[in-house]
Amino acid sequence: MAFLGSFFRDLSRTPEETRADNLRDWTATIRGAVPIAELKPRERAKVAGVIQNIRIDPREGSGSIEATIIDGTGQMVARWLGRDRMPGIGLGMGLLIEGMCGVGDEGELVILNPEYDLVADPETG
Amino acid sequence: MSRTTAVLKRIFLGRPMHHGEMEHTLLPKTIALPVFSSDPLSSNAYATQEALLVLATVGAAGLDLIQPVSIAVATLLAIVVTSYRQTVQAYPTGGGAYRVAHENLGMYPGLLAASALLIDYVLTVAVSITAGVEAMTSASPALHEHKIIIAFAFIGFVTLMNLRGVKESGTLFAIPTYGFVLVIYLMIATGVSRCVFGTCPVAESADLPLPPEHALTFFLILRAFAAGTTALTGVEAIADGVPAFRYPQSKNAAKTLTIMAALSISMFLGISWLADQTHVVYLEHLEEQRSVVAQIASAVFSGGFLFYVVQAMSAAILILAANTAYQDFPRLSSILAKDNYMPHQFMNRGDRLVFSNGVLILAVLSGILIVIFDANLTRLIQLYLVGVFISFTLSQSGMVMRMRKLREAGWRKRAALSGFGATVTGVVLIVIAWTKFQRGAYIVIVAIPFFMAAMWSVNRHYSSVKGELARPDPRTADRRRGHQHMVIYVQRLDAATARSLGVVRSMRPAEVTAVTTDPGTASAWRRLAREVPLTTLSGQGNVRRQLRDHLAARRTELDEHDFLTLVVPELLQSRNLIEVFRRPGLTRLKAAMLTAPGVQLLNVPMVVDEIDPSIDETVEPARNHVLVLVSGVHNATLQAIEYAESLHATDIRAISFGLDPERTETLGNLWLEARIPHPLEIEASPFRDIGLSLRDYIRQFDADGVNQVVTVVMPEFVVSKRRHQILHGQTALVVKRHVLFERGVVAVSVPYHLHQS
């Protein structure tokens with residue numbers, strides 16, 4: 001009874017765990033993408049993840065748009081500086097970014113003004 | 001949500017699904033066929049019977065007409081399906097008759113189609129469940145007296161399955177649908193071969209006396225035909241459900257329609273042929289007779305094991321036919337909600353990506369119908385067909401208009417087909433309304449305008465709100481910023497009151513006063529906060545009114561741009577939701593203050609276990625992070641932002657919990673265009689529980705209420721008519737419930753008063 005099997009597995013696993021599994025499986029299929037957990041600062045890297053949070057800061061001087069992505073192993077930030085339009089991104093989209101990996105003010109991993117691409121992710125298709 | 005409810009929800013509804021899992025809820029053809037065809041196929045279980053019922057009133061001679069009548073009905077079915085294939089190809093986004101009529105014929109025909117369909121779905125549930133129960137009682141007559149209870153049990157079962165979500169329902173529903181088709185074919189094949197190669201079986205009712213009640217008239221034949229057209233019910237379901245098909249959606253939906261029509265026509269003609277050959281009689285006023293299909297099955301299989309299989313499968317497919325409506329009613333409601341014709345709550349997908357509110361409403365309405373009509377199939381069915389044929393006619397007429405406008409290659413031929421279909425169904429609609437009017441159809445004909453009027457007024461409300469929110473507000477122009485005036489409501493001198501004082505001090509308002517109804521607090525208050533003058537209200541009679549009057553008097557002294565905030569300290573005994581009900585007076589007071597013009601409400605909750613006697617709560621916290629909850633960029637948001645700016649906060653940020661990618665992008669661009677000088681964070685709420693997402697977000701600040709405070713500012717709509725309040729989401733309520741028990745969190749409601757008619 002596959003139906004009952006999945007029923008009991010659902011009960012034993014939290015939704016967050018299932019989601020992280022799915023995300024890891026998905027990034028493994030993208031060529032060249034490094035899991036966030038294995039990133040090292042000050043190296044060029046290519047990372048794929050699903051956009052979890054978008055932060056828009058229009059204040060003068062520091063105007064920036066940030067997307068936080070997760071890939072099931074960790075999270076990191078793609079930050080675009082000096083933009084007054086959204087770079088065509090939305091919550092839940094799959095994002096592939098490439099650039100020099102740095103560390104932000106709060107210890108988070110950041111790629112500034114990355115080259116980016118939207119990719120079909122396992123969740124929105 | 002408490003842990004127990006969470007576990008219960010998971011056991012009965014399954015684990016919550018991330019919205020990205022939508023793709024997985026799309027149906028492949030093999031499953032879509034049973035899910036969407038259970039309705040049209042199941043009507044074979046009673047269509048022949050309803051036609052026979054009419055024909056029997058003219059005596060034995062009438063029964064012979066069942067075959068020509070059935071052929072006419074089957075032809076009609078073929079016409080409608082051919083025409084509907086064009087609709088699903090033109091409208092891959094679904095919406096069916098409503099979409100087509102609304103786009104091509106205008107608002108009123110659109111609303112007419114929508115009302116007809118909604119009523120149709122409710123009736124589909126009521127009729128199918130009733131017929132299913134009848135199939136059971138045909139096999140086991142002892143159950144007859146419990147039929148309403150059985151019907152309710154089935155409604156409960158189907159509702160639960162649907163709250164779990166589309167696809168699992170699909171797998172489960174595949175078995176009875178395929179089983180029903182197989183066993184009916186087996187019955188037809190056995191019956192036909194027995195008639196051809198031997199002697200025809202004879203039904204148990206063949207010898208019933210048939211005194212002619214009416215003369216055989218043209219009107220009567222029309223009535224029989226109209227009754228037989230129940231075989232067409234459910235065709236509209238596939239057109240409405242295209243978005244649930246797997247890609248390529250239109251093609252798959254069109255194929256499914258064809259297969260469904262072929263199955264349905266052959267089954268219907270087969271059953272009618274056997275009804276004729278076995279001389280089944282079915283009478284209107286006879287209690288305790290078995291259904292026509294039951295009688296045929298019993299005769300063909302000589303009452304053996306297969307008879308029970310036919311009954312079981314009929315019951316099963318009928319119960320599950322109700323499922324078709326469970327797919328479509330919520331989906332159509334959500335489309336209507338998106339178009340602002342129904343309350344926006346119908347757009348909310350539940351934990352399992354199902355439009356839960358629609359599912360629940362459907363269950364309740366159909367249950368009511370079953371009780372009113374005492375689970376009597378023949379009486380319920382009289383109401384059924386009007387809605388179905390209105391939607392057929394409007395949808396096909398809409399297609400004609402669309403083809404005329406687009407003029408694609410070969411449009412004339414296709415338009416002629418749809419036009420022919422529309423004319424035929426239009427004529428049948430008139431026949432149905434005419435022949436069934438007195439028998440119950442009038443109820444639907446009266447109900448439809450009510451539905452239309454309701455949707456129209458909902459739409460008018462939403463558009464006037466939208467206009468009002470978008471209207472340029474003097475707020476955005478250059479002028480003096482609003483000053484903050486705060487009034488602390490002192491019920492007693494407790495830790496929550498002391499903390500309120502600390503929080504208020506950190507906000508550095510232009511002026512702070514306090515108000516109490518208890519004269520006993522005055523001297524203690526002077527020791528606590530010498531600089532804050534305390535006004536004592538008499539406390540006699542209605543405290544709410546006195547407070548309101550006090551605030552109204554204060555309001556008149558202020559500039560219109562100034563803020564007047566009532567600060568309500570609240571000491572909670574536990575972190576249980578029951579706290580909300582423990583002080584109904586305070587809850588009502590807060591609600592009443594929300595509607596007071598120009599007054600904002602700052603709620604400072606504190607749970608007793610946070611009390612630490614060594615801490616002076618009246619000292620202002622060092623940091624206050626202000627979060628403004630945002631759902632769009634409009635006047636209510638701008639007002640809340642300006643309120644936040646008056647609080648002298650450590651930092652201000654706007655936060656929104658969105659889920660669909662397009663809306664995040666639009667909101668981001670609007671935010672940048674409006675030049676609001678604060679950051680906006682758009683946070684995923686992957687399991688669509690805004691309260692929980694907000695709670696998790698707040699927790700990252702580690703607020704303790706003493707050194708660190710989080711202030712959640714919520715813009716709220718207040719409408720002038722109380723009944724309109726239901727049209728505005730209860731998001732604020734959900735949010736308040738979640739922040740109430742969070743340590744160090746205070747909540748501000750900034751009402752935006754809508755003045756629309």
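Colleague: Which residues in α3(B) meet which residues in α5(B)?
Modeller: On the α3(B) side they are B:T48, B:A51, B:L52 and B:L55, and on the α5(B) side B:I66, B:V69 and B:S70. Contact here has C-beta atoms, placed from the backbone, within 7 Å. By class, that contact has five nonpolar, two polar and no charged residues. Nonpolar covers Ala, Val, Leu, Ile, Met, Phe, Trp, Tyr, Cys and Pro; charged covers Asp, Glu, Lys and Arg; the others, Gly among them, are polar.

Colleague: What should I know about the model and the numbering?
Modeller: This is a predicted model: local features need pLDDT of at least 70, side-chain atom pairs count only at pLDDT 80 or more, and totals for chains, interfaces and linings use all residues. Residues are numbered from 1 along each chain as its sequence is written, while chains are lettered from A and ligands numbered from 1 in the order in which they are written.

Colleague: Back to the pair. At what angle do the axes of α3 and α5 of chain B cross?
Modeller: Roughly 135°, and the axes come within 11 Å. Helix α3 spans residues 47–55 and helix α5 residues 66–90. Helices are DSSP runs (H or I, at least four residues) and strands are E runs of at least two, numbered from the N terminus. The axes are lines fitted to C-alpha atoms, for helices over the stretch in contact, with angles from 0 to 180 degrees between N-to-C directions.

Colleague: What does that make α3(B) and α5(B) to each other?
Modeller: Oblique, therefore. Under 35 degrees is roughly parallel, over 145 roughly antiparallel, 65 to 115 roughly perpendicular, and the rest oblique.

Colleague: Now the core. Which residues touch the most other members of the largest nonpolar core?
Modeller: B:L52, B:L55, B:L77, B:A113, B:A114, B:I129 and B:I296, out of 152 residues. Such a core is a set of buried Ala, Val, Leu, Ile, Met, Phe, Trp, Tyr and Cys residues joined through C-beta atoms within 7 Å. Buried takes 20 or more other C-beta atoms within 10 Å, exposed 12 or fewer, and partly exposed is in between. Helix α7 (residues 107–139) of chain B gives the largest share of this core, 20 residues.

Colleague: What does B:A114 touch?
Modeller: B:Y98, B:L332, B:L336, B:Y341 and B:M455, leaving out residues up to four places away in sequence.

Colleague: How many residues of helix α6 of chain B are buried?
Modeller: Eight of its nine, so α6 is mostly covered. B:Y98 and B:N104 are among them. After α6(B) comes B:G106, with a positive phi near 115°.

Colleague: Why does B:N104 count as buried?
Modeller: Because B:N104 has 21 C-beta neighbours inside 10 Å. B:N104 touches B:G398, B:M401 and B:R402, again skipping residues up to four places away.

Colleague: And B:I361, where is that?
Modeller: In helix α15 (residues 356–372) of chain B. B:I361 is partly exposed, with 17 other C-beta atoms within 10 Å. B:I361 and B:V122 are 239 residues apart in sequence, yet 9.4 Å apart in space, C-alpha to C-alpha.

How values were computed: Two residues are in contact if their C-beta atoms, placed from the backbone, lie within 7 Å.
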